[in-house]
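Subject: Structure handover

Hello,

Here is the structure I said I would pass on. Please open it alongside this message and follow along.

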Amino acid sequence: MCGPEWLEQGMKHVWLPYTQMQTTLPPLPAVRTDGCTITLADGTELVDGIASWWTACHGYNHPHIHQAVSAQLIRMPHVMFGGLVNEPALTLARRLAAMLPGDLDRVFFTDSGSVAVEVAMKMAIQYWLNRGQTGRTRLVAFRGGYHGDTMATMAVCDPEEGMHSLYQGALPEHFIADLPVNAAGMQALDTLLAQSAGSIAAIIVEPLVQGAGGMLFHTPDVLRTLRELADRHGVLLILDEIFTGFGRTGTMFACEQAGIVPDIITLSKALTGGTMALAATVARTHVFDAFLSDDPLHALMHGPTFMANALACACANASLDLFDTEPRLQQVAAIETQMRDELESCRSLPHVVDVRVMGAIGVVELDRISDMNALKSALIAQGVWVRPFRNIVYLTPAFTVTRSELSHLTKAIRTVVSELGQAAPHRR
């Protein structure tokens with residue numbers, strides 16, 4: 001391996017995520033970021049098309065976030081949230097409650113999306129226990145869904161999804177259903193809830209876009225159906241907006257497009273503008289009230305060590321400032337229009353089965369990707385950082401991406417997918 005000494009020596013000891021390290025391409029050494037550009041150790045610059053797993057919504061190194069981090073670092077980077085509170089966390093909780101629809105008013109901070117979902121699951125189950133209803137320990141989740149990699153969250157992901165199917169038998173069993181995208185699906189889910197509501201604590205879904213399941217889209221009508229069925233059968237509704245929250249689908253939160261209010265919502269990824277790890281699980285008033293009691297066992301017994309980290313909360317407040325002062329949703333609308341125009345020509349290419357765009361999410365779905373390493377290498381050779389997975393090549397750029405940078409990204413995808421079609425015979 002050629003590269004700086006820290007790369008060569010460190011790679012002997014690091015364990016990479018989602019990677020078969022014996023056969024996968026070695027990682028690239030990033031040394032600097034700016035705007036939508038990642039600079040490698042050898043000076044190569046790549047236009048980032050996925051905003052570091054969908055987090056860097058304002059681009060990298062935004063000066064307003066930097067200023068907030070620097071000031072908070074001097075004052076107080078962290079203090080435990082057990083028995084103490086800090087101003088950035090309380091300000092952030094207040095601001096999130098004001099932004100979210102309805103009475104989503106109580107914010108529980110964690111430091112990763114998976115843990116935020118675990119907390120939501122615990123809230124939902126204990127909500128019923130605190131109300132004297134035992135046995136309601138299962139959730140309804142959906143095929144194509146992804147909610148995290150920890151043990152509890154894997155149990156509400158699609159069981160056929162490759163990286164989690166290995167754990168079959170070790171995970172709790174929940175109900176995995178088809179999304180109610182039509183009348184038959186709605187009837188099937190209605191029947192499941194009618195038959196099993198006494199054992200169900202909540203329904204959990206990624207609203208509008210099932211992200212890691214393949215960037216699968218559904219309409220706001222599906223969310224309205226889920227809210228109606230949850231109310232009809234007396235179960236809670238959890239929306240996992242870790243990916244979709246903070247403008248990614250075109251509105252600040254995806255649930256706004258359906259005009260519904262979940263009982264619990266989870267947030268992370270773009271919460272800090274991609275600068276620091278932070279997540280939140282936000283509950284409606286009636287959920288929080290079920291935990292108020294003279295019985296100490298009715299409290300939510302969860303508390304990550306770095307919960308409500310003051311430095312991370314300062315980042316998040318600065319990120320929210322940018323949504324208030326810079327035209328992020330207008331930028332998302334412009335990105336959507338440009339990606340629709342520039343990715344559409346991929347539809348006629350060999351191996352392409354679908355092209356779809358929602359907000360700042362653009363997807364080219366292939367019938368297969370037979371050589372993932374070759375595809376990734378070809379994209380890097382085009383000067384872009386795009387990480388295809390499963391059978392899709394997708395873009396989730398920073399909202400601050402320029403028209404020329406976005407055109408560079410879409411052209412790279414068209415070029416590489418076109419070359420893929422020329423390299424092997426096409427089979428539908």
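Below are the notes on sheets, helix contacts and salt bridges.

This is a predicted model, in which local features need pLDDT of at least 70 and side-chain atom pairs count only at pLDDT 80 or more, while totals for chains, interfaces and linings use all residues. Residues are numbered from 1 along each chain as its sequence is written, and side-chain values use heavy atoms, with hydrogens and water left out.

Some terms first. Helices (H or I, at least four residues) and strands (E, at least two) are DSSP runs, numbered from the N terminus. Two strands pair if DSSP finds at least two bridges between them. Contact means heavy atoms within 4.5 Å. Axes are lines fitted to C-alpha atoms, for helices over the stretch in contact, and angles run from 0 to 180 degrees between N-to-C directions.

Seven strands make up an open sheet with mixed pairing, in the order 4-12-11-10-7-5-6. Its edges are strand 4 (104-110) and strand 6, each of which pairs on one side only. On average, neighbouring strands in this sheet are turned by 20° against each other, direction ignored. Strand 5 and strand 6 are joined in the parallel sense by three bridges, and Phe-142 stands opposite Ala-177 in strand 6.

Helix 4 (residues 87-99) touches strand 4, strand 11 (264-267) and strand 12 (279-284), and its direction makes about 135° with that of strand 4. Helix 5 (residues 113-130) touches strands including strand 7 (200-205) and strand 10 (236-240), and its direction makes about 25° with that of strand 12.

A further open sheet has four strands in the order 1-2-3-15, again with mixed pairing. Strand 1 (30-34) and strand 15 (384-385) are at its edges with a single partner strand each, so one side of each has no neighbour in the sheet. Strand 1 runs antiparallel to strand 2 (residues 37-40), and four bridges join them. Thr-33 has Ile-38 in strand 2 as its bridge partner.

Helix contacts

For the pairs below, angles under 35 degrees count as roughly parallel, over 145 as roughly antiparallel, 65 to 115 as roughly perpendicular and the rest as oblique. A crossing is left-handed if the near helix is turned anticlockwise from the far one by less than a right angle, and right-handed if clockwise. In the residue classes, Ala, Val, Leu, Ile, Met, Phe, Trp, Tyr, Cys and Pro count as nonpolar, Asp, Glu, Lys and Arg as charged, and the others, Gly among them, as polar.

Helix 11 (residues 310-325) packs against helix 3 (residues 63-75) at an angle of about 150°, with the axes 9 Å apart. The two are therefore roughly antiparallel, and their crossing is right-handed. Residues that meet here include Ile-65 and Val-69 in helix 3 and Leu-311 and Cys-315 in helix 11. The contact of helix 3 with helix 11 has 10 nonpolar residues, three polar and one charged.

Helix 11 also meets helix 4: their axes come within 8 Å and cross at roughly 40°. Helix 4 and helix 11 are therefore oblique to each other, and this crossing is left-handed. Among the residues in contact are Leu-92 and Met-99 in helix 4 and Cys-313 and Leu-320 in helix 11. By class, the contact of helix 4 with helix 11 has 10 nonpolar, two polar and three charged residues.

Helix 8 and helix 9 (residues 220-233) pack at about 25°, their axes 10 Å apart, and are therefore roughly parallel.

Salt bridges

A salt bridge is a side-chain nitrogen of Lys or Arg within 4 Å of a carboxyl oxygen of Asp or Glu. By this rule there are 17 salt bridges. One of them joins Arg-143 and Asp-178, whose closest N and O atoms are 3.1 Å apart. Arg-143 lies in the loop between strand 5 (138-142) and helix 6 (151-154), and Asp-178 in the loop between strand 6 (175-177) and helix 8 (183-196), so the pair ties together parts that are 35 residues apart in sequence.

Regards
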